[in-house]
Amino acid sequence: MGSSQGGFTPLSRLTFGTHGRRMRVRVRVSRIWVASNPNSGEEYGLDSLLIDDEGATMQARAYPRDMKRLKNLLIEGKVYALLNFTVRRKMYSYMACRNDLMIYMGGQTVVDEISDDICSSIPLHSFEFVDFGDVPFRDKDNSLFTDVIGQIVSIEEVGQAWKWDTWRNISFRNLHTAGRQLNIALYEDLGRNFDAEQVIKQGQQVSIVAVFTGMIVQLYKGIGFTVRSTTASKYYLDLDILEVQELRASLADQHKPIDRLPCQLQNPVNLTELVKSRRTIEQLKSLNPDELHWGTIFLCTVTLKGINCTKDWWYKGCFHCEWPISWDGSKPFCIKGCPNNALPVLLYKLDAVMEDTTGAMNIMIFGKQAEVLVGLSADKLVGEITGEQISAVISSHQSRALVVGPHRGGFVVAGVPNDDDAC
């Protein structure tokens with residue numbers, strides 16, 4: 001195994017396996033974050049992006065049991081000598097670089113800080129920038145985080161959006177970049193702590209170029225494809241890197257003050273109002289769905305009595321927006337105009353019956369809401385079981401809470417709360 005000057009092995013020469021004290025790497029910790037599920041709060045490990053003398057990058061992880069020790073040892077921007085670590089295959093998702101291998105640091109890993117004076121040539125940053133035109137192709141592809149760079153042209157006030165799976169409102173702040181406009185959504189602390197006042201003030205005089213890293217792409221109804229933050233996300237303003245300098249030079253004669261905008265589209269839910277919206281089936285049947293505003297929801301407690309088995313219980317939907325797919329004679333296409341860059345997906349379309357002590361009525365259950373009730377995604381069941389079996393799975397003698405809203409002259413399940421949440 002070859003070594004670089006000083007007895008350090010370049011990241012490019014690491015191989016799969018456990019490496020003891022005979023092998024050392026010298027790396028700068030470019031970014032560090034706690035990999036976690038923002039919905040459940042579960043922490044998977046302490047992740048970091050490492051850069052060596054050759055500019056090569058590799059992601060590293062410390063498992064939860066070793067996080068506390070390594071959190072105290074590793075600081076963003078510092079250079080370290082690491083030894084006694086393991087190299088494994090990269091994860092299938094949420095990678096910050098394209099290296100096929102990862103470093104895993106454990107209780108035996110030795111971390112020694114090295115003076116930056118000795119290692120000033122090691123880059124501080126490394127990004128995998130995506131052209132704005134290619135952003136839609138990253139939708140639902142979480143194998144690699146999305147990094148983007150652009151001029152900020154407008155900043156929205158903080159808004160709130162309801163998350164059914166966690167039964168709470170989450171805060172977010174939308175930003176917009178110039179050129180082929182790109183929507184950026186910063187969630188929770190990242191959005192709340194974004195110093196909009198200072199950025200808008202600076203933006204009155206000069207263009208502000210921002211780098212957003214550790215992001216993913218998601219399609220939002222009414223907004224479009226959005227680059228949204230994750231627990232790995234960070235942003236940098238007017239960073240001293242070549243890409244920022246080149247973009248700034250191209251904007252020299254195109255300065256436009258940053259606009260301050262109200263939150264354009266948000267959907268918070270007031271729990272008190274939701275509980276007050278509780279309706280019986282008799283009350284729901286007395287309403288005209290076509291006269292209700294979009295976004296109107298009601299809470300009801302019902303028993304599901306199965307589905308209409310004379311109709312298909314699944315359909316082919318758009319990979320991006322889940323609307324039905326049409327056929328132009330040669331290939332499928334989304335009727336909403338989404339990029340035709342992914343195969344259609346199999347999704348639930350359940351024409352169900354629900355009842356309570358006041359009556360019974362039909363209710364449509366699509367996609368993720370049906371998946372919660374069935375317990376598996378539709379693509380795993382199509383061709384394996386019948387509509388009668390799906391009907392039996394969702395039927396219950398026990399009542400449960402459902403959140404419903406108007407849909408094409410009828411009602412549709414908008415949310416499936418946990419029983420403990422729907423008090």
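Strand β18 (residues 332-334) contributes 3 residues to the lining of the largest cavity, the largest share of that lining; helices (H or I, at least four residues) and strands (E, at least two) are DSSP runs numbered from the N terminus. The structure is a predicted model, in which local features need pLDDT of at least 70 and side-chain atom pairs count only at pLDDT 80 or more, whereas totals for chains, interfaces and linings use all residues. Residues are numbered from 1 along each chain as its sequence is written, and side-chain values use heavy atoms, with hydrogens and water left out.

A search of the whole structure finds 1 cavity of 30 Å³ or more, where a cavity is a set of points, on a 1 Å grid over the protein atoms alone, at which a 1.4 Å probe fits but cannot get out, and lining residues have an atom within 4 Å of a point. The volume of the largest cavity is about 60 Å³, a volume being the space filled by probe spheres set on the points, with grid points joined across faces, edges and corners. Its lining is formed by Cys 318, Phe 319, His 320, Ile 325, Pro 332, Phe 333, Cys 334, Pro 339, Asn 340, Ala 342, Leu 343 and Pro 344. Of these lining residues, 10 are nonpolar, 2 are polar and none is charged (Ala, Val, Leu, Ile, Met, Phe, Trp, Tyr, Cys and Pro count as nonpolar, Asp, Glu, Lys and Arg as charged, and the others, Gly among them, as polar).

With a disulfide taken as a pair of cysteine sulfur atoms within 2.5 Å, the search of the whole structure finds 0 disulfides. Cys 334 is in no disulfide, and the nearest cysteine sulfur, that of Cys 321, is 3.5 Å away; Cys 338 is likewise in no disulfide, the nearest cysteine sulfur, again that of Cys 321, being 3.7 Å away. Cys 334 counts as buried because its relative accessibility is 8%, and Cys 338 is buried, with a relative accessible area of 13% (buried means under 20% relative accessible area, exposed over 50%, and partly exposed in between, with a 1.4 Å probe and protein chains only).

Gln 369, in helix α7 (residues 367-374), counts as buried at 18% relative accessibility. Leaving aside neighbours within four places in sequence, Gln 369 is in contact with Val 413, Ala 414, Gly 415 and Val 416, contact meaning heavy atoms within 4.5 Å. Leu 73, in helix α1 (residues 64-73), counts as partly exposed at 32% relative accessibility. Not counting residues up to four places away in sequence, Leu 73 touches Tyr 80 and Val 111; the C-alpha atoms of Leu 73 and Val 111, which lie 38 residues apart along the chain, are separated by 7.1 Å.

Methods
On a 1 Å grid over the protein atoms alone, a cavity is a set of points where a 1.4 Å probe fits but cannot get out, and a pocket is an open set with protein on both sides within 12 Å along at least five of seven lines; lining residues have an atom within 4 Å of a point.
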